[in-house]
Amino acid sequence: MGIDPSFFQPEHIHVMVNHFPVTLILLIPPVLLAGLFFGKKSILAGGFSFCILADLITPVVMQTGESAHTRFEMGQIKPPLDEEGDIAAEMHEDMAEKAAPLLYFVGFGGIAGLLILRFRPAWKNHITVIVILTTLGATFFTLQAALLGGRIRHQEFRIQKNPTPNHIRND
């Protein structure tokens with residue numbers, strides 16, 4: 001009894017790995033702030049390492065998401081998306097394309113942070129603040145992409161339409 005080969009389709013991999021950048025981007029600011037507060041280079045190094053991990057997993061998330069979207073459009077995934085799911089998928093993709101460059105920039109900040117910790121420790125506070133601010137910007141777009149992604153198949157995450165418009169009263 002082995003693993004079902006359909007388990008390794010892009011849509012499955014995407015659903016498994018897309019949580020890593022979201023989770024890491026949420027962990028980075030508190031970890032870096034703790035590193036600043038306690039003055040511990042080891043905590044800062046951990047936070048900067050999270051930046052690099054978020055950066056490294058992002059291309060996998062983007063590629064598997066793009067492949068999954070193509071498979072949806074080609075009708076290879078059943079059941080097909082309903083109209084609202086298809087709209088959510090397009091919006092999710094657009095937001096992910098905005099988040100990805102910011103995640104890559106956060107990764108470069110993590111590399112810079114680790115290098116500064118090693119070679120210019122006096123600059124550690126400056127790079128840490130820059131990375132935190134960059135991460136906060138990336139967090140906004142990453143969370144928006146995640147929320148939109150949840151709406152693709154989950155109707156409970158979609159904005160509920162009011163069945164009775166405001167101009168009609170049932171008095």
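**Charges, patch and pair**

Modeller: Helices α3 (41-73) and α4 (83-119) each supply at least two residues of the negative patch. The model is predicted: local features need pLDDT of at least 70, side-chain atom pairs count only at pLDDT 80 or more, and totals for chains, interfaces and linings use all residues. Residues are numbered from 1 along each chain as its sequence is written, and side-chain values use heavy atoms, without hydrogens or water.

Colleague: Which residues form the negative patch?

Modeller: E66, E73, E83, D86, E90, D94 and E97. Helix α4 gives the most, five residues. A patch takes residues with over 30% relative accessible area and no salt bridge, like charges being joined within 9 Å. Asp and Glu count as negative.

Colleague: Why is E73 called exposed?

Modeller: E73 is in helix α3. Exposed means over 50% relative accessible area, buried under 20%, with a 1.4 Å probe and protein chains only. E73 has 54%, so E73 counts as exposed.

Colleague: How do you know that R71 and E11 form a salt bridge?

Modeller: The definition asks for a side-chain nitrogen of Lys or Arg within 4 Å of a carboxyl oxygen of Asp or Glu. The closest N and O atoms of R71 and E11 are 2.8 Å apart, so the pair qualifies. R71 lies in helix α3 and E11 in helix α1 (residues 10-17), so the pair ties together parts 60 residues apart in sequence.

Colleague: Are R71 and E11 buried or exposed?

Modeller: R71 is buried, at 18%. E11 is buried too, at 14%.

Technical notes. Patch = residues over 30% accessible without salt bridge, like charges linked within 9 Å, V, L, I, M, F, W, Y side chains within 5 Å. Areas by Shrake-Rupley, 256 points an atom, 1.4 Å probe, with all protein chains shown as cover. Charge placed at Lys NZ, Arg CZ, Asp CG, Glu CD. Helix = DSSP H or I, 4+ residues; strand = E, 2+ residues; numbered from the N terminus.
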